[in-house]
Amino acid sequence: MGVARRRAMHQILDRPKVFDDPLALRIAGELPERPEGVFGKNLRAFVAARSRFAEDHLALAISRGVRQYVVLGAGLDTYAYRSAPGVRVFEVDHRATQEWKRERLRDAGIAIPSSMRFVPVDFERQRLGEELVKAGFEQEQPAFFSWLGVIMYVTLDAAAGTLRFIASLGPGSGVVFDYASEAWEPLARRVARAGEPFRLFFEPAELARLLVGLGFGELENLDCDGINARYFSGREDGLCVAGGRAYLIAAWV
Ligand SMILES: C[S@@+](CC[C@H](N)C(=O)[O-])C[C@H]1O[C@@H](n2cnc3c(N)ncnc32)[C@H](O)[C@@H]1O
């Protein structure tokens, strides 16, 4: 809900928008009235930029013929409900989160398209590939994955297992995710208080070694300066990412 609200606030507060999501406000529901401080504004920028980065790369994958999109740890992501025709979307998340999302979709009057499948998976306990195939995912076809705001919550085993599965798919497959090399305060304190602490961090070079070792070829890594140069340059409202050693990465098989 926290990130969905930030995407929704981005639709209202920021011009030009970095990430245009016509369903963001409907799915988020009521927004907090108190104004955000600098930290909140930077975090909103990061949340908008990572969704934009994911959907920019998804568009590239689709232009190259990919027709399966897997949204890992989907939360209240809305791509499936405004997706390109012909693209099958698989939303992977905890079963409980998916039940809550269905209620939110119903309350917001957002229909679930027939091209979309909910796939309940706990990355720590279940094999992603097996569960996807049960839901109709075609393992011999390439697929694009996003994994936004999740890797910092899982164990290294779960992260590597998921990335290994993606790397095992055919050429043209790829994944986008965000990660951090150290805890981003005060966000880290906030999520720890909520019982879901950040626990997995990577230095960029260490992550690149892991990804190449798993079988990924082309990598594109953006640090905060790179994100600002790509998505926030020339603005008059000062919206930018800052203050955290956070990164976006795209990895292609
Ligand atoms: C911060 S939210 C990000 C949601 C969404 N990707 C976005 O950007 O709006 C983290 C998501 O990861 C999911 N998640 C965290 N740990 C998980 C696990 N072990 N297995 C499955 N999902 C998990 C949560 O249920 C939640 O939907």
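Predicted model: local features only at pLDDT ≥ 70, side-chain atom pairs only at ≥ 80, totals over all residues.

Trainee: Switching topic: how many helices and strands does the protein chain have?
Mentor: There are 9 helices and 7 strands.

Trainee: What radius of gyration would a compact globule with 253 residues have?
Mentor: It would be near 18 Å, and the protein chain has 17 Å, so the two agree. Along its principal axes, the C-alpha trace spans about 50 × 45 × 40 Å. As for burial, 40% of the 253 residues count as buried.

Trainee: How many residues are in the largest nonpolar core?
Mentor: That core has 74 residues, and Ala49, Val70, Val71 and Val92 have the most contacts inside it. Its largest share, 10 residues, comes from helix H3, which covers residues 38-63.

Trainee: Let's pick Val71. What is Val71 in contact with, leaving aside neighbours within four places in sequence?
Mentor: The partners of Val71 are then Asp77, Tyr79, Ala80, Val89, Glu91, Val92 and Ser146.

Trainee: What about helix H1, how far does it reach from its first C-alpha to its last?
Mentor: H1 runs over residues 2-13 and reaches 16 Å, close to the 16 Å expected at 1.5 Å a residue.

Trainee: Which residues of H1 are buried?
Mentor: They are Val3, Ala4, Arg5, Arg6, Arg7, Ala8, Met9 and His10. What covers them includes helix H2 (24-28) and H3.

Trainee: Last one, Ala135. Where is its place?
Mentor: Ala135 is in the loop between helix H5 (128-134) and strand S4 (144-147).

Trainee: Why does Ala135 count as partly exposed?
Mentor: Because Ala135 has 17 other C-beta atoms within 10 Å, while a buried residue needs 20 or more and an exposed one has 12 or fewer.

Trainee: Which residues is Ala135 in contact with, again leaving aside neighbours within four places in sequence?
Mentor: Phe90, Arg117 and Val119. Ala135 also lies 10.0 Å from Met116, C-alpha to C-alpha, with the two 19 residues apart in sequence.

Note on methods
Residues numbered from 1 in each chain as written. Core = buried A, V, L, I, M, F, W, Y, C linked by C-beta atoms within 7 Å. Helix = DSSP H or I, 4+ residues; strand = E, 2+ residues; numbered from the N terminus. Contact = placed C-beta atoms within 7 Å. Rg over C-alpha atoms; globule rule 2.2 N^0.38 Å. Expected span 1.5 Å × (residues − 1).
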